[in-house]
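Subject: A structure for you to explore

Hi,

Here is the structure I promised to pass on to you. Have a look at it first, and then read my notes below.

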Amino acid sequence: MKTLKLFSLLVVVTMIATACGGGAGGPSTVKVGVVAELTGDIPAVGASCKNASEMAVKEVNDAGGLDIGGKKYKVELFIEDNAGKADQSASAAQKLITQQNVVAIIGPNASRYAIPASEIAESSKVVLITPWSTNPKTTLDAKTNAPKKYVFRACFIDPFQGRVVAKFAMDNLKAKKAAVLYDVASDYNKGIAEFFKTTFEGAGGQVVAFETYTTNDKDFSAQLTKIKQAAPDVIFLPNYYSEVPLQVQQAHRLGINVPFIGSDSWGSDELIKLCGADCEGYYFSTHYAADNATPVAKKMIDAYKAKYGTTPDDVAALTYDAFGLLWTALKSAGKVDRQAVRDALAKIPKYEGVTGTMQFQEGSGDPIKSAVILQIKGGKFVWFANANP
Amino acid sequence: MTYFLQQALNALQLGSIYALIALGYTMVYGILTMINFAHGDLFMVGAFFCFLAATVLKLPFVPTLLISMAGVALLGVTIERLAYKPLRQAPRVSAIITALGVGIFLENFTLALNPYPQHIPTLIANTTFTLGGVSISSLQIIIVVLSIALMILLDLIVRRTMVGMAMRAISWDKTVVPLMGVPLNLVISMTFAIGTSLGGAAGVMYGLAYPVIDPYMGIIIGWKAFISAVVGGIGNIRGAMIGGFILGAVEIMVAAFFPSTYRDFVAFTLLLILLIFRPYGILGKPRPQKV
Amino acid sequence: MARRWILPVLLAVGFLLSFAIPQFGLLDLYVQLIIMYVGINIILTTSLNLINGYMGEFSVGHAGFMAVGAYVASILTVSVFPSNLAAWLFPVAIVLGGVAAGLVGLVVAFPSFKTRGDYLAIVTLAFLMIVKSVIENIDAVGGPRGFLGMEKLTTLPWVFFWTVLSVWVIRNLVYSNFGRGVFSIREDEIASDLMSVNTQQVKVIAFVTSSFFAGVAGGLFAHVLQFINPRVFDIIKSTDILIMVYLGGIGSLAGSILGGTIYTVLLEVLRPLGVWRMVLMPLVLVLLMIYRPRGIMGLREFRWFVPVRDLLASQLWRQAKQKEVGDASSAS
């Protein structure tokens, strides 16, 4: 009987605690939610996202707030952790929507977390902008394959990027045989690897080795030895910047001397820190070039550097752009209303962001954006070429 | 032929790293039959201590190794006193779950302090030799030699010293040992100190071999150490080493000769088959149970 | 004893509430979602408790059974069943998912005849990794990109129904003759074998039941999240379930319910702590283990779950014990 009383007390207390969420925003605040991977398997991504979010909100608030419909609104930011779990992504998004009453959600970043959150946003009719999720399925309704109405992204998608890299390998590096080493347990890596393979082979090239490893592996010697055996002209590593240095270094030790190419997951200064001279001269595709920056980009890069001490990586830049898109949508909507924000967001003509100019395709949440090819030269990322859709 | 040789060398290196980790793991496991799930995370802490010693204090290899080992040993003994000692009389699984909790705590505490992957500077010159198309690096050789040396050292400690005798006595019967005048707490603390410092050493060597470290790197390593120790035979030091080499060999050879996407599938199936044919591990002996 | 009618009444009220809450929006969607997560976790915890708590084994592969159930149920509702009937055939999909998981559990049961203790733990771990690797390699179900397209068929009434059913089935199993066999295996396997307990049959039934319900939980989970991928069912998920079981109390159904509820709710309630939430959580777990090593409920059980016969027996035993002590003290 005692345990029953204790148990029911516990249940009641927690229900009251969780039911007492925030009310609607105060008379002049607009609430925005962020779901980020603060703990779990990709905390570096979550940390960058959080940094950029806080910077974007602070900038707006320091300037007096957002001008929506003639009134000045301060932005209140709510950041929730999804602990690297799909179910917590969903509950975090739901909490932000029903308890904190946010007008829109930014994040999550990885597609495997963005997809569950996007389902919640779509069914609750709340705008969700994912900065970094490149899986085409995030913005598509799984049953009908029609675009979702409330889910948008700030980045380009895997099919586009895979094509860009494959074309670059063929046209610029004149490669006829390519090898790929990717993480079989990760949706991003596998997705781009496959789109690369399709484009490369479709253009007459030959993928001589298509090797895999599992997330958290640190030893790639078996797969690299196999790749060496296949004698490719170029090796594609669509993997995270914490894995690439190990792969490149081990390859060099095995005597592999062909060029390596990568995708936007290379896009962090950490790559140079971790890889050093081993990565000199290699190319990768990404969202923006810090050295070929537009004035808008330069302003953000300098501000981020001043606040956090490093150049923003692609997650940070995209998060900042996601917020920029949201501010533009709020301003043109003229009121703090979820549906109005959604409609305004879809209709944004041309948005000049840190990661380039973008515009949402008709009826879709995917932006039309260019990619850039960067080269690692002298320990820095140097702009090499643009790749337009 | 060179392909096979190269893969064999790769297997040797990976295996020696797993063996090194399994060594420290099996000390606590064999003597106290406690699955210290925090071992993988202590290994990660060792790698981070190495990172701090090398970048902040800018120390060369040997002091870094010693500091990391000492630091992890201290941490291990503290954890033992605070978290495991109160559970000595409790069912075994409680200690295991506590270890799990300690491990998760270490992971997320490190993450809260620093979520970004870090790079360990080169402390040992890593030159690559090529002999007849096969590449070996000096670091690989050092790791293999170090693992075997540490195994011999550990074996000597356990079988030839008084402390070792006390440890073996504890593994047979924990309750009787204090009655014989053996300071139980001291010996258990020493066991933990030695075991976890070996884990820390493994962390340093791993960090030098694969110089990118992050707070979650210990999770899967901890489970692999567990697998190595069990496959080799619970409580057997040599078994743990053999288990480590087998695990490394299976992982590399499966990837070498099958499509690498099937690596985990084939590797674990092979492990399963091994356990079916040798249900007590390779060097394990079934303990006679009085009914 | 006198108030045993309370439990069925509570269940009926709960069932009605589970319909009323979503219909009339009595609780917001977030709380409803958490309640559904709690229900799914309770199913997972009670089913694992059968193997780890009652039978005293150490299985770490539970997430693998969940994965099988999730994928099978999802494939059925998305690709096999005609879409307009999906909602009606949902229970069929869940049951078939559970059956598939049960079959895998059957396969795991066989190595358990020979191997015990930590060796069995490795066997279950190997199964988990194999299941995960197999799913990753089947491109038809999306591989690592995951499987999509499920409708939100999991509703509060369904979760309530399946939670109650799983607890009821396992409770009846545990207090039956078969259940005695389970306890005796935990206490001393060799002795029970000698006492003509068919240990092999008991193990098979236990593993199959446990994995069946894990599969059911997986199916429900897939249809509330509407997206599954192999990474969701990794070793970390298994350790989460392990923690819930041992937190609540091994060998106690009320403990499993408590463990599942507290773990899920606490994680959500501690959200304001941000990154430090996952630092505090394990600390709470460690402290709890030190002060209550057998879990919150330990081996004790909710009075209403225990059959009347058992309660009577324990009451008589207690009376006899007191009389014995009284005799001894009066005699001396």
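Let's begin with chain A, which has 12 helices and 16 strands; helices (H or I, at least four residues) and strands (E, at least two) are DSSP runs, numbered from the N terminus. The radius of gyration of chain A is 22 Å, close to the 21 Å of the globule rule for 389 residues, so chain A is as compact as a globular protein of that length. That radius is taken over C-alpha atoms, and the rule is 2.2 Å times the number of residues to the power 0.38.

Before going further, a word on conventions: this is a predicted model, in which local features need pLDDT of at least 70 and side-chain atom pairs count only at pLDDT 80 or more, while totals for chains, interfaces and linings use all residues. Residues are numbered from 1 along each chain as its sequence is written, and chains are lettered from A and ligands numbered from 1 in the order in which they are written.

**Chain A as a whole**

The C-alpha trace of chain A spans about 65 × 60 × 45 Å along its principal axes. Of its 389 residues, 60% are buried. Here a residue is buried if 20 or more other C-beta atoms lie within 10 Å of its own, exposed if 12 or fewer, and partly exposed in between, with C-beta atoms placed from the backbone. Among the contacts in chain A with a separation of 6 or more, 68% are between residues 24 or more positions apart; two residues are in contact if their C-beta atoms, placed from the backbone, lie within 7 Å.

**A sheet in chain A**

In what order do the 6 strands of the open sheet in chain A lie? The order is 2-3-1-4-5-6, and the pairing is mixed. Two strands pair if DSSP finds at least two bridges between them. At the edges are strand 2 (66-68) and strand 6 (151-153) of chain A, each pairing on one side only. On average, neighbouring strands of this sheet are turned by 30° against each other, direction ignored. Helix 12 (residues 338-346) of chain A packs on the sheet and touches strand 4 (104-106), strand 5 (127-130) and strand 6 of chain A. The direction of helix 12 makes about 45° with that of strand 5; axes are lines fitted to C-alpha atoms, for helices over the stretch in contact, and angles run from 0 to 180 degrees between N-to-C directions.

Inside this sheet, strand 1 (residues 29-36) and strand 3 of chain A run parallel and are joined by 8 bridges. You can find T29(A) opposite K74(A) in strand 3.

**Around strand 7 of chain A**

Strand 7 (residues 177-183) of chain A has 6 of its 7 residues buried, so it is largely enclosed by the rest of the structure. Strand 7 pairs with strand 8 (residues 206-213) of chain A in the parallel sense over 7 bridges, and D183(A) has Y213(A) as its bridge partner in strand 8.

**Chain B**

Chain B has 11 helices and 4 strands. Its C-alpha trace spans about 60 × 50 × 35 Å along the principal axes, and 59% of its 291 residues count as buried. Strand 2 (residues 128-131) and strand 3 (residues 134-137) of chain B pair in the antiparallel sense over 4 bridges. They form a hairpin with 2 residues between them, and G132(B) in the turn has a positive phi of about 55°.

**Where chain C comes in**

The contact between chains A and C takes 34 residues from chain A and 31 residues from chain C. Helix 3 of chain A gives the most to the chain A side, with 7 residues.

For chains B and C, 36 residues of chain B are in contact with 36 residues of chain C. Helix 4 of chain B gives the most to the chain B side, with 12 residues.

Happy exploring!
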